[in-house]
Number of protein chains: 2
Amino acid sequence: MDEVDELLSIRAAELYYEENKTQDEIGQALRLTRWKVGRLLAQAKQRGFIRIEILHPRARRLPIERRLREERGLDDAIVVSHAGVQSPEELQERTAQAAADYLTALRPVPRTLGVSWGRTLFEISQHLRNGWATGVNVVQINGGVSLNRRPGTAAATAVGIAQKGGGSATLLPSPAILEQLATKEAIESDRVVAGVIELARSSDAYLFSAGAADHNSVHVESGYLSTADVDVLVQKGAVGDVVGRYIDSDGNIVDPALDARTVGLTLDELRAAPLGIAVVAGTAKHAVADAVVRSRLCSVLVTDEATALHLLDG
Amino acid sequence: MDEVDELLSIRAAELYYEENKTQDEIGQALRLTRWKVGRLLAQAKQRGFIRIEILHPRARRLPIERRLREERGLDDAIVVSHAGVQSPEELQERTAQAAADYLTALRPVPRTLGVSWGRTLFEISQHLRNGWATGVNVVQINGGVSLNRRPGTAAATAVGIAQKGGGSATLLPSPAILEQLATKEAIESDRVVAGVIELARSSDAYLFSAGAADHNSVHVESGYLSTADVDVLVQKGAVGDVVGRYIDSDGNIVDPALDARTVGLTLDELRAAPLGIAVVAGTAKHAVADAVVRSRLCSVLVTDEATALHLLDG
DNA sequence: GCCCGGTCTGCTCATATGAGCAGCACTGCC
DNA sequence: GGCAGTGCTGCTCATATGAGCAGACCGGGC
């Protein structure tokens with residue numbers, strides 16, 4: 001395409017997209033046949049001169065979703081658009097909303113849904129609508145009685161999802177991480193706890209997020225880990241955690257001793273699930289999102305455009 | 001439009017614009033008739049959910065051009081797009097390119113073109129192509145022998161435009177502003193100078209820019225004014241200059257004594273021209289662009305999107 | 001219960017667009 | 001100069017889309 005045609009294709013695009021003229025009218029204005037105009041427009045599109053964006057908080061990026069399915073082997077992917085996003089919080093919210101939409105549209109409706117907890121899951125629970133499902137029983141899949149701030153958000157998340165879905169919640173009455181292995185083993189052998197974990201294992205689907213391995217982690221905020229603990233984990237290669245278990249970029253447990261003191265489903269149990277929905281968004285979580293997808297911890301990923309592109313290209 | 005329809009229109013837009021599905025196919029996917037899909041897409045457009053941008057350095061904004069013509073009474077307006085602009089310099093370049101394009105396409109081809117000088121005009125001269133016209137004589141319309149830095153750019157501008165247009169340039173051999181009124185009068189009565197000004201008055205068209213009233217002005221750079229002089233002018237209400245003459249926001253001369261010492265066409269002579277092309281771009285020039293258009297110093301304006309929107313809404 | 005105005009739906013028909021193809025001009029090679 | 005190969009042009013025809021309209025539907029007033 002020479003320079004003259006390039007310029008003509010721009011003039012044609014202006015008249016077509018900004019002035020809503022027909023290709024025939026454009027042909028008359030630029031002294032071209034309408035077929036030439038059609039070809040110029042096709043070339044302008046093909047060469048990327050035309051950008052079409054959907055500006056809406058609920059907008060998704062279907063081509064990126066397809067690439068994620070095809071290139072990363074996911075069963076499904078939901079990618080929310082960045083168009084018009086003002087702040088990281090807004091992106092987080094859009095992603096939570098998309099996850100809620102996905103759950104609502106999920107067929108068949110899961111009878112038992114295993115959930116983790118954290119900021120993302122809490123936000124999803126808030127975006128779900130009353131009646132999003134009928135009779136969904138929700139079960140916690142990892143320990144989560146917070147030690148200090150925000151008491152009860154873990155419980156509120158599970159209960160909220162269950163109530164709005166017309167079912168009930170089964171909480172896992174245990175800390176996330178225990179200081180002694182013996183205590184952890186004792187708790188897991190408790191009849192109630194063991195029963196909950198057994199129920200969790202039988203879930204039809206899992207919904208969980210992933211945390212970045214940094215000082216803002218909910219485990220630090222909840223008092224299960226110190227910032228120094230996190231630093232050590234990072235040094236061992238940790239990129240983040242899933243259901244409280246810290247993994248490296250290949251999805252391997254970085255600290256087996258710590259992992260043994262962590263209550264809840266194991267990562268291999270999660271991997272074995274027929275439907276595992278991971279919801280991961282934000283720049284800080286690019287590395288852990290990659291680890292989750294790479295090690296097949298989820299079959300469905302709900303994420304944002306930048307994270308998705310990171311998984312695909314870089 | 002209720003929330004359900006809004007969401008449907010976004011889903012439809014994704015399938016239509018990102019996946020290139022037909023409205024009929026979308027109808028099948030979303031369990032709607034194709035007419036409903038068409039209406040949802042129309043509503044998405046109308047409500048501004050769909051943004052179409054033309055990403056190209058030569059892209060123009062025709063709807064804004066029309067508004068400028070209609071709402072500000074211009075004979076013509078050229079507005080270059082901001083889409084994809086990285087730096088103010090790039091915008092300046094796009095505008096100069098657009099001005100060069102406009103000149104090249106101008107019919108009838110002017111036989112005599114009066115030009116001012118400055119950074120913008122120099123850039124336009126560089127973007128013109130050899131043979132952009134055949135036999136255009138170029139004449140300087142205001143004094144412009146620079147005192148210090150960049151000697152000869154004023155002359156190079158006029159000569160460049162003329163040569164590429166297959167004609168010759170007539171330079172105005174005089175400083176822009178003189179220190180004494182008597183000297184200015186003496187220079188203007190010089191036979192050569194008077195002849196050039198007479199020729200300038202007879203131009204078929206004028207091409208000029210406008211300067212902001214700030215310390216970066218070419219008049220400061222060229223040594224005709226000190227930064228203190230500019231401060232005083234600003235205090236008197238100056239928003240910028242056209243052909244070396246400082247005006248307020250209504251286009252009135254702010255300092256008649258200074259104006260009397262300025263060599264070249266007067267603003268009223270410029271206003272009387274049948275075709276006056278002003279090329280003004282950049283945030284710093286919003287105020288002076290408004291003054292130029294408001295006081296009808298030009299009949300054609302070449303500018304950038306942000307400046308144009310400032311003229312219309314701001 | 002019944003009527004009325006407004007809105008929405010799914011149609012017909014006209015128009016705009018894209019796919020595909022035959023002919024033509026141009027280029028490079030002999 | 002002749003000729004095959006390549007790419008562009010302007011057509012035909014099929015398809016996609018938009019305008020306009022008759023009837024269905026809904027909510028409110030009597």
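A crossing is left-handed if the near helix is turned anticlockwise from the far one by less than a right angle, and right-handed if clockwise. Keep that in mind for the first close-up. This is a predicted model, in which local features need pLDDT of at least 70, side-chain atom pairs count only at pLDDT 80 or more, and totals for chains, interfaces and linings use all residues. Residues are numbered from 1 along each chain as its sequence is written, while chains are lettered from A and ligands numbered from 1 in the order in which they are written.

**View 1. Helices α4(A) and α15(A) cross in left-handed fashion.** Here α4 (residues 62–72) and α15 (residues 305–313) of chain A have axes that come within 10 Å and cross at roughly 30°. (Axes are lines fitted to C-alpha atoms, for helices over the stretch in contact, with angles from 0 to 180 degrees between N-to-C directions; helices are DSSP runs of H or I with at least four residues, strands are E runs of at least two, and both are numbered from the N terminus.)

**View 2. Residues of α4(A) meet residues of α15(A).** From α4(A) come A:Ile64, A:Arg67, A:Leu68, A:Glu71 and A:Arg72, and from α15(A) come A:Glu305, A:Ala308, A:Leu309, A:Leu311 and A:Leu312. Contact here requires C-beta atoms, placed from the backbone, within 7 Å.

**View 3. Strand β1(A) pairs with β1(B).** The two strands run antiparallel and are joined by five bridges, where pairing takes at least two DSSP bridges. Look for A:Ile50 opposite B:Ile54.

**View 4. Chain B touches chain A.** Each chain gives 21 residues to the contact. On the side of chain B, α1(B) gives the most, with six residues.

Technical notes
Two residues are in contact if their C-beta atoms, placed from the backbone, lie within 7 Å.
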